[in-house]
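Please study the sequence and the model shown here before reading on.

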Amino acid sequence: MRLLFFPYQLLSTNPIKLPCYQTKRWINDLLPISSTKGYEMKNMIQLILLGTIFACGTSSNGPKKPKIEGNWRWIKTTGGFAGTTTTPESSGKQIHLQITKDSIFTYADGELQRAIPYNLQLGKVIESQKMEWLIHNGEHKASVYRKDTLLLMNEQCYDCFNQTFVKMKE
């Protein structure tokens, strides 16, 4: 006696033999792979592929890359060993950054002070050991966060400084 394995056999120790036409109808209702329902299988495959594409396209490997290009006016610097706060009013200097896709230009009172190349990379930040965006300029690095019109740069060392900038109108 030849037995086919179907899920209903798990319910009883005595296998039930269905007439051939009933077995085929049961399979057709359970699995959309019969020749009369081939279009359903085609649609099922398309849905699976589409779902896979969307799942791959929306996967997240970390925080969203901040948009930092533009002109930024310095508001304050805080931190250091003594925990000081320096502002344009307390220092007597007006500082702004011009950030391009690969360089940062620093101006003090309207004069170019320095131009340094940089790149953005994901890395662990000292504050939380989480993966965040870091600005690397060769020897130094700082975590960078953008919150609406504010740009926050935190140097990556203990007792270092945190800089806050506001986006300038273009």
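Ala-115 is found in strand β5, which covers residues 111–117; helices (H or I, at least four residues) and strands (E, at least two) are DSSP runs, numbered from the N terminus. The model is a predicted one, in which local features need pLDDT of at least 70 and side-chain atom pairs count only at pLDDT 80 or more, while totals for chains, interfaces and linings use all residues. Residues are numbered from 1 along each chain as its sequence is written, and side-chain values use heavy atoms, with hydrogens and water left out.

Is Ala-115 buried, exposed or partly exposed? Buried means under 20% relative accessible area, exposed over 50%, and partly exposed in between (1.4 Å probe, protein chains only). Ala-115 counts as partly exposed because its relative accessibility is 45%. Not counting residues up to four places away in sequence, Ala-115 touches Ile-104 and Phe-105, where contact means heavy atoms within 4.5 Å. Gln-98 is 17 residues from Ala-115 along the chain, and the C-alpha atoms of the two are separated by 9.3 Å.

The next topic is the core. A nonpolar core is a set of buried Ala, Val, Leu, Ile, Met, Phe, Trp, Tyr and Cys residues joined through side-chain atoms within 4.5 Å. The largest one has 14 residues, and those touching the most other members are Ile-68, Ile-99, Ile-135, Val-144, Leu-151 and Met-153. Two or more residues come from each of β1 (70–79), β3 (95–99), β7 (131–136) and β9 (150–155). Leaving aside neighbours within four places in sequence, Val-144 is in contact with residues including Pro-66, Ile-68, Trp-133 and Leu-151.

Which residues lie nearest the centre of the largest pocket? They are Arg-114, Asn-137, Met-153, Glu-155 and Gln-163, among the 21 residues that line it. A pocket is, on a 1 Å grid over the protein atoms alone, an open set of points where a 1.4 Å probe fits, with protein on both sides within 12 Å along at least five of seven lines; lining residues have an atom within 4 Å of a point. The elements giving two or more residues to this lining are β3, β4 (103–108), β5, β8 (141–147), β9 and β10 (161–167).

Finally, the structure holds 1 disulfide, a pair of cysteine sulfur atoms within 2.5 Å. Cys-157 and Cys-160 are joined by it, with an S to S distance of 1.3 Å. The disulfide is left-handed because the torsion about its S-S bond is about -60 degrees. Cys-157 is partly exposed, at 34% relative accessible area, whereas Cys-160 is buried, at 17%.
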